[in-house]
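Let us walk through this structure step by step. We start at one residue and then widen the view.

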Amino acid sequence: MQKYGVNELRKMFLDYFEQKNGHLVMKSFSLVPHGDKSVLLINAGMTPLKPYFTGAEIPPRRRVATCQKCIRTGDIENVGKTARHGTFFEMLGNFSFGDYFKKEAIHWTWEFLTDVVGLDPERLYPSVYLDDDEAYEIWNKEIGVPENRIYRFGKEDNFWEHGAGPCGPCSEVYYDRGEQYGCGKPDCAPGCDCDRYMEIWNNVFTQFENDGHGNYTTLSQKNIDTGMGLERLAVAVQDVDSMFDIDTIRALRDKICEVAGKTYKADHDDDVSIRVITDHIRSATFMISDGITPSNAERGYVLRRLIRRAARHGRRLGITDAFLADLSKTVIETSKEGYPELEEKAGFIHEVLAREEATFGRTIDQGLSILAGLEKEMKESGATVLSGDKAFELYDTYGFPVDLTKDILEEKGYSIDEEAFAGCMQEQKERARSARKTSNYMGAAATVYDDIDNAVTSVFTGYDHLEDDGKILVLTTKVDEENYGELVDALAEGDEGTVITDKTPFYATMGGQVGDQGTIFVGENAFAVKETIQLRGGRVGHVGTVTNGVLRTGDTAHLAVGERRADTAKNHSATHLLQKALKIVLGDHVEQKGSYVDPERLRFDFVHFKPMSSEEIAKVEKIVNDEIRAALVVKTDVMGIDEARKTGAMALFGEKYGEEVRVVSMGDFSIELCGGTHVRNTADIGMFKIISESGIAAGVRRIEALSGQGVLNYYAGVEKNLNEVAAVLKTNPSECADRAAHLLAEIRSLHSEIESLKTKMAQNSLGNAGSDVEEINGVNVLCTAVEGADMNGLRTLSDELRAKYGDSFIVLASSADGKVSLVAAATDGAVKKGAHAGNLIKEIAKIVGGGGGGRPNMAQAGGKDASRIADAVAKAKEVAKNQLA
């Protein structure tokens, strides 16, 4: 048998199903689910195809084949500990949407494995569901596999289902790797937990619908969903021990060993770390290429955890310098044949990894400092077990790996309460799970929209028309969080609901562009469209209220988009110019992370790792306005996705594109894939103004801006405010700055004079307080009340008293405007003899109904009860004596 490489096997599979069996080969979908709230990351080959399986969307072909990049982190703690576990994998799959079924699927499985790849038929063992006699007969009678090599398994092993939705029996194929991988038990066979019999292919015969309560009905359209792990297939074909030994992953593993100066399989602990880094850097590289960046929530948190675990294991191997970005180059080089986007995003991937690794370097040092404090507390209290909530706080708040916490504590004879820690982790998972509303198969709240016939769809004509005629296909009552809605035949005046037509010029909210508003007419009857929404299956919902008469299903309607569309188009086109300008000024690492455009404004989120300077903002603004004045023709072409990429068109991370896409060009300046609506010439935008730039997440900045009439309105508002300020300052608008500067200088001078007078008053109020100074252990202690001084006055006075009395410990109390102020100050000499201003203040602040604290040499506090100042002063004397005794 020839030992094909991973990239060869991927191509062989896709070519076999495309060229020999008439399948449409689709590129891998992004790891970011599109319109599916039930998962954070794509975790199986069929996951992005769910709308096709449910019939919610029509597939581009009834036969499809893919190689889908997938990530599963459910057993992340086991990654590295064994050579079985990993978070990233590629899933080969062939799919049928109501076309072929069991017979063809099983025959093609066998033909590919034996004839195409060349696996020994005698080492292949099929399994079927316990009651699936049809699949059994095909394997036995048609393929010719002997009865003693076909295994029947129960529902747990050979029936695929995931809550409510399509489901069905499975037929898996196991490969016998040889006795050397077995457990040695007499009953060792397919299904055994040892490594001998490896499942390499799984055919799922989706023929039932589960209502979520264990009730099954037969689907009218039976489907095929197959999955074969590419890495597992490569293990069998290349006859190696594990996925860490197959050609592409071995190259990465060897690079890690080179960087660390280690040899694989020479030390168990080193091997664990080598495997963790190998797996995690693969996951991180692919995730970043799909636009995911590290954060403390959802997908970003998964990525951050993977990167930090890899960095931590790098330290365990003795790697002291940053290394992850360099390793990603090997991932890109070995995988770019199947995933060209890796090479396209290489610079971005390297920068994100380098920055996160550097951030973790600082985090881990902070965590070590905090852990040292916890160790001290445990030592002082005689405890030997760190509480689970403290360990979880280190992990969750500071990103400090729990395995690192355990390692450090074990070295010193301590441990952590792992059960309590696990409880905290479970609570966090439950909170995350409850925050995700999962009601239907796609993880969204179920509504009447799910009940609409899948054959209903809408054709969008709004690129070329703002008015069009269409037939009303569906009417629903009001749908929102509290109303499921219902399908109706008519909506009468005053009714709120949704209208779906076969054709519409209304743009539905999508791709960051807000949906159109307008009116739907049926003769004299009218429906005011307040919002246009995109529904599954290509349906467009016009949401609003009947303002006159009655609308009925079957009516021919005239749909008219409102005037707001023109301003929305200006803002949308401006975002294209803005993105290109940002790349010119800030660099090619700039990538769109999100956008929002409506008639009033635009918002653009992008990858950048520090705030923009005022000079950079000005440059970007100038470039955009220059291109507006250049009056560039805005042209839209429809072409294949591959052809579009060749033009250099920018694509949005994580966006789901079909085989044909719209390419929007603005002269030679900007080329983007975009399904939105635009101006016909950049001059139509009028003008552009950035009104704010801010950070919204780690490595993500946000620009808010205006265009066209919005800019004129903005400057009109600025002018109005300036005139109002000028009136208050009693000057002309052109002289406002000078007048304001003069007034500020005058205020500062008066403020300084007031503070000086307050200090003199405080000094005078001391009277002969010097007689209250008491020497304790060579330190002059003065605790006294001062009349009418604020906090600033007390601090100034405490500095003067310390200078006057040498080694001293000063405590002052005062009340002003009903508020109590307390200040304690100690010289270095007093601190060396035991004085601690912060601890003293904590005790006396309680007496006056307040709180505060500070350092050993300076502390302050506030309070509410001025009647107890004398008690606080008396307590201060007592505490000071105890500290200095």
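Lys-583 touches Asp-588, Val-590, Glu-591 and Met-650, leaving aside residues up to four places away in sequence. Contact here means heavy atoms within 4.5 Å. Lys-583 belongs to helix H16, residues 564-586. Helices (H or I, at least four residues) and strands (E, at least two) are DSSP runs, numbered from the N terminus. Lys-583 counts as buried because its relative accessibility is 13%. The cut-offs are these: buried is under 20% relative accessible area, exposed is over 50%, and partly exposed lies in between, with a 1.4 Å probe and protein chains only. Ile-520 is 63 residues from Lys-583 along the chain, and their C-alpha atoms are separated by 42 Å.

A word on the source. The model is predicted: local features need pLDDT of at least 70, side-chain atom pairs count only at pLDDT 80 or more, and totals for chains, interfaces and linings use all residues. Residues are numbered from 1 along each chain as its sequence is written, and side-chain values use heavy atoms, with hydrogens and water left out.

Now take the whole chain. Its secondary structure comes to 24 helices and 35 strands. The C-alpha atoms fill a box of roughly 110 × 80 × 50 Å along the principal axes. Of the 885 residues, 50% count as buried. Among contacts between residues at least 6 apart in sequence, 68% join residues at least 24 apart. The chain exposes about 40500 Å², and carbon and sulfur atoms supply 47% of that area. Such areas come from the Shrake-Rupley method with a 1.4 Å probe; for residues, only the protein chains shown count as cover.

Next, a helix. How many residues of H6 are buried? Eight of its nine, in a helix that spans residues 230-238 and is mostly covered. The buried set includes Leu-230, Glu-231, Leu-233 and Gln-238. Just after H6, Asp-239 takes a positive phi of about 55°.

Most residues other than glycine have a negative phi. Lys-265 has a positive phi near 70°. It is found in the loop between helix H7 (247-260) and helix H8 (268-289). Lys-730 also has a positive phi, about 60°, although it is not a glycine. Its loop runs between helix H19 (709-729) and helix H20 (736-766). Lys-730 counts as exposed because its relative accessibility is 74%.

Turn to the aromatic rings. A search of the whole structure finds 30 aromatic pairs. Tyr-714 is partly exposed at 31% relative accessibility. Tyr-715 is partly exposed too, at 43%. Elsewhere, ring pairs link Phe-13, Tyr-16, Phe-17, Tyr-100, Trp-108, Phe-112 and Trp-201 into a cluster.

Rings also meet charges. The charged end of Arg-177 sits over the ring of Tyr-181, 3.9 Å from its centre. Arg-662 has its charged end over the ring of Tyr-463, 3.3 Å from the centre. A charge sits over a ring if NZ of Lys or CZ of Arg is within 6 Å of the ring centre and within 35 degrees of the ring normal.

Key
Phe/Tyr/Trp six-rings, centres within 6.5 Å; stacked < 30°, edge-to-face > 60°.
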